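Let's take a walk through this protein together. Have a look at the sequence and the 3D view first, then read on.

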Amino acid sequence: MQMDPASREQPRRILFVDAYDSFTNNIVSLLETKLPAKVTVVHLDAHIPDLGNFLEPFDAVVVGPGPGNPTLPEDIGFISQIWSLPEAQVRPTFGICLGFQSLSLASGATVGRLTQPRHGIVTEILHKGQSIFNGVGGIEATQYHSLHVDIGHPIQTRRAVSWPSELWLPTKECPLLKPLAWDCGDLVNGAVLMGVQHLERPFWGVQFHPESACTNAECIKVIENWWAEACRWNDERRGLLERCQKSSLFPLLEDWSWDNLHGKHDLQWSRIRAGSLTVPDICEAMKVQEGDAIILDSAVTREGVGRYSIIGFIMPNRTIRVTYNVESHKVFIGNEWLEVLNEDLRKYGSDIWQYLAHFMEKHKVEGGDPESPFWGGLMGFISYEAGLETIGVSQPHGAARARAPRPDLSFAFVERSIVIDHQAGQVYVQSLIPHDTTWIEMTQKEVQTSAIGSNIRKIKNDKKRVAEYLRHAKVVEGPREEDYRQRVRQCQESIRAGDSYELCLTGQTTISMPRVDPDNMPWTLYKNLRKRNPAPFAAYIRLGSATVLSSSPERFLCWDRTGTCQLRPIKGTVKKTKDMTKILATDILNTPKERAENLMILDLIRHDLHGVVGSGNVHVQKLMGIEEYKTVFQLVSVIEGRLPQGDEPAAEKKDGEENKRDASLPTGLDVLAASLPPGSMTGAPKRRSCQILKELENNAPRGIYSGVIGYLDVGGAGDFSVVIRTAYKWDDESYELETPIELETPAPTPAPLSRSLSSSTSRAGGSGTANGNVWHIGAGGAITGLSDDKAEWEEMRTKLDSALSSF
């Protein structure tokens, strides 16, 4: 549509009120790419003593969506004041979802629960082309709401089958609200009001989400129409507003002064043919698994992922360890550099993300083969609780965490590495240590002379050893069917109340094994898991006191050295059986319930990515495609973004953000920090959903499960997977078990466990016999208003079994 000339004179300013929603940045991107305006974001609970004066620099206001109920002061903040400002201080305002409900409530409507919540559901919106719908065609729009607005209209009160003639007229109860749009296709909920205009003030609102990836392009015209109305109102009633210079929210950090710990890095590398060698072949030839190591193993390639495997060598008394604990807010650096680095850290507080950013900047390297995704750098894991810290959610205080605090972030700076390119059949042998050509030559010979055939007898012996070892495995704790299904129903109650759109409920199973591992049994167990459940993002980690065996199918986030970022959320799972074909699985996964699960997380991730890479730099590469794995079929979306390069503007930080680093240009590490914890493991909106899940999961920490595993490359790239289909243990944890628990036996409530937890001092690094042997395996699923508690239990067990089968 054509914009008024006055609206093009210079960029104007929009204030966006963020209700801690996980789609905010998608809306900001829509506004900034479709309108000649700059958007400033402020949270609904910001301290604003004089709202009228605060709004003076802005041409218009957009009140965004969010969790909660507009009748509750804690859920609405200062939003309710916007509708009652003196006429001279009023600004044209557009409400979306919660903002729409708040506007309607202030205008005499009531807000109540829908019979059936609508989250991630795409429907046709009925309108008459009036007001902000002028010139708009057929709208297909995504809805995310549990509550609805009741203006006392006959179509709502009488549930009329046919449309009353007064469908577009105000009601007696709300004489100043003109209905602009309805959803009349829902037989369960009846007609649901989708859009309104205030007849005396410049207020408009819609219940649906115009920014969603599955909302069609006609909704853009609604936004453009609103902006034209807002500019016209300003020009006629108030004249053009004075512009205010935007000031930086956060000061620049001073430069770091400490030198490179090992002097200048000198990247050396060699490339050879891989032949038919596997990752276990190379690891065993090099004896990698006999000490601490990090192995990112693409055990299978699927849908363009899983091309590379990376073997990171950890050298005793040399490899730098970086660990962080969210309870103490302390960063620990291993070996003799502890005091030096802690002195530097005191300059910047305990912001682990600032530290990692400066660490990687100091260790930046050029000159490696561009086809190798990893030249060296930090490899390790980040826990779910470290992710909670980034969004301001207080930490769980479960018994296990209180007894034995664990590292929530654990990285090793890998200087020697092997990268296997499974697609090209190449092996890269690499070192960052100066004059390390001898190691590269020796390693190259070891890889080339590794004999696969000699391992046949070893594989047979492994099977016998595993079978004997696993006879002693006992499940000591795990989800019970009735308890899990009850929590599913509690999730749905929170969804119906409007506190969340989707909740990723999880539970963990604990397995007690023989106290001492014979002959490096964790590595043998990993190979067993790898064979039973091959995955593109498998991993074996022995780092400090942690051992991790992962067969994750889900990439969380990757970025390359040119600034392209990609996230691949998985939501929607069907168990693979002899009768389950891909065609049948596709039919099941393309149902409204499964697609809604995926769409909500897709839109959440777009929000996270927009917040760093800026408006207009995010697109959906794959929308809900079906991918096949050995044990399951999954619904996968792919979202990509482009980090600003050169003169491209970075995204403006929101008011009150925790991360205060203000680098000239954002990096992949900024995207990582902004995206944790993984949206596919939380639900949406992320912050409120995590608070709800913390209570439903009895404040028990998830630990490494639901976190991420991956690397930060010295060349500027990064890649992380979601920690699912994974078993992990801590050296200093053990159970003294009297009676094992049968996992399959349902009980009305969790039975008391006949066991005790003991801790002992464990080694800080290196190899050796573990003091404890207790494995944890987590599993869960996304709960929506359309979920069935029995089906959710079965889906969770399908996921659990894929990792549990190795035990």
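Helices α1 and α18 pack at an angle of about 65°, and their axes are 6 Å apart. Axes here are lines fitted to C-alpha atoms, for helices over the stretch in contact, with angles running from 0 to 180 degrees between N-to-C directions. The crossing of α1 and α18 is left-handed, which is the name used if the near helix is turned anticlockwise from the far one by less than a right angle. On the α1 side, the contact (heavy atoms within 4.5 Å) is made by Thr24, Asn25, Asn26 and Ser29. On the α18 side it is Asp603, Arg606, His607, Asp608, His610 and Gly611. Sorted by type, the contact residues of α1 and α18 come out as no nonpolar, seven polar and three charged. In that count Ala, Val, Leu, Ile, Met, Phe, Trp, Tyr, Cys and Pro are nonpolar, Asp, Glu, Lys and Arg are charged, and the others, Gly among them, are polar.

A quick word on the model: it is predicted, so local features need pLDDT of at least 70 and side-chain atom pairs pLDDT 80 or more, while totals for chains, interfaces and linings use all residues. Residues are numbered from 1 along each chain as its sequence is written, and side-chain values use heavy atoms, leaving out hydrogens and water.

Is α1 mostly buried or exposed? Eight of its eleven residues are buried, so α1 is largely enclosed by the rest of the structure. Buried means under 20% relative accessible area, exposed over 50%, and partly exposed in between (1.4 Å probe, protein chains only).

## The sheet of nine strands

Now find the open sheet of nine strands, with mixed pairing and the order β2-β1-β3-β4-β9-β8-β7-β5-β6. β2 (37-43) and β6 (139-150) stand at the edges with a single partner strand each, so one side of each has no neighbour in the sheet. Helices (H or I, at least four residues) and strands (E, at least two) are DSSP runs, numbered from the N terminus, and two strands pair if DSSP finds at least two bridges between them.

Strand β5 (residues 110-127) and β6 run antiparallel, joined by eleven bridges. Within this pair, Val111 stands opposite Val149 in β6. Helix α18 (residues 592-613) lies across β5 and β6, at about 90° to β5.

## A buried strand

Over to β23 (residues 555-559): five of its five residues are buried, so the strand is largely enclosed by the rest of the structure. Which residues face Cys558 across the bridges? In β30 the bridge partner of Cys558 is Asp719, and in β24 Cys558 stands opposite Gln566. β23 and β24 form a hairpin with four residues between them, and Gly563 in the turn has a positive phi of about 100°.

## Salt bridges

The whole structure holds 39 salt bridges, each a side-chain nitrogen of Lys or Arg within 4 Å of a carboxyl oxygen of Asp or Glu. One of them joins Arg542 and Asp731, with the closest N and O atoms 2.8 Å apart. Both Arg542 and Asp731 are buried.

Arg561 and Asp713 also meet in a salt bridge (2.9 Å, N to O). Arg561 sits in the loop between β23 and β24 and Asp713 in strand β29 (residues 708-713), so the pair ties together parts 152 residues apart in sequence.
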